[in-house]
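Hi,

Here is the structure I promised to pass on. Have a look, and my notes follow below.

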Amino acid sequence: MQAKHPSASKTVMTDMVLPSDTNPINNLFGGELLARMDRAACIAAERHSGQIVVTASVNHVHFRKAVPLGSVLTVEAKVSRAFGTSMEVFIDVWMEELNAPKEKVNEAIYTFVAVNKTGTPVAVPPITPETPLEQERYDGALRRRQLSLILAGKLKPDDATELKALFR
Ligand SMILES: CC(C)(COP(=O)(O)OP(=O)(O)OC[C@H]1O[C@@H](n2cnc3c(N)ncnc32)[C@H](O)[C@@H]1OP(=O)(O)O)[C@@H](O)C(=O)NCCC(=O)NCCS
């Protein structure tokens, strides 16, 4: 399969924060943001693989800053690395308020698996990073995958070579 660039999967979704999206103190409800990120990341993984994809794991979420009612939220997702049938997707989130500069408020990492119509995992194309940031995210993806597989009980810590190398 021919390698693709992360930019081919880039997915940007912009939407407002409405009253039904907020918690009792009028900030965006965390679960609503998780759903928006899941949708954008799912589209990015489908653009990369050309297949149906399912969320296999939410590897990391950092709610850096509260997002108030009425803000405009932009969610940008890109595949950072592809393995056999799975893909790591990085999600960056920015907020815009009236008369204020655009500000990054959140970052997350999800894992998707490409599947056929019966839900069986299928192979995905590899990825070739282009920019320094894409290269950095690509390089770290293997150890994040090993950590996620350990937590899911699918990899023995002793076999997580890339992860162990961090502590040497
Ligand atoms: C995700 C799913 C397809 C994996 O199927 P499986 O039979 O466990 O298949 P495997 O163990 O062979 O794993 C397939 C791939 O997923 C990866 N994977 C599975 N669990 C993972 C996890 N927790 N973290 C990271 N990668 C994971 C495996 O490493 C493998 O990737 P690779 O082919 O690139 O090496 C299956 O568990 C599933 O359908 N889960 C439900 C998904 C879903 O419904 N999501 C949306 C609602 S929350």
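Two strands count as paired if DSSP finds at least two bridges between them; strands (E, at least two residues) and helices (H or I, at least four) are DSSP runs, numbered from the N terminus. This is a predicted model, so local features need pLDDT of at least 70 and side-chain atom pairs count only at pLDDT 80 or more, while totals for chains, interfaces and linings use all residues. Residues are numbered from 1 along each chain as its sequence is written.

I'd start with strand 4. Strand 3 (residues 72–82) pairs with strand 4 in the antiparallel sense over 10 bridges, and Val79 stands opposite Val89 of strand 4. Three residues separate the two strands in their hairpin. Strand 4 also runs antiparallel to strand 5 (residues 103–115), joined to it by 10 bridges; here Glu88 has Thr111 as its bridge partner. The hairpin of strand 4 and strand 5 has six residues between the strands, and Asn99 takes a positive phi near 60 degrees there.

Strand 4 (residues 86–96) is largely enclosed by the rest of the structure, because eight of its 11 residues are buried (20 or more other C-beta atoms within 10 Å of a residue's own; exposed is 12 or fewer, partly exposed in between, with C-beta atoms placed from the backbone).

Best wishes
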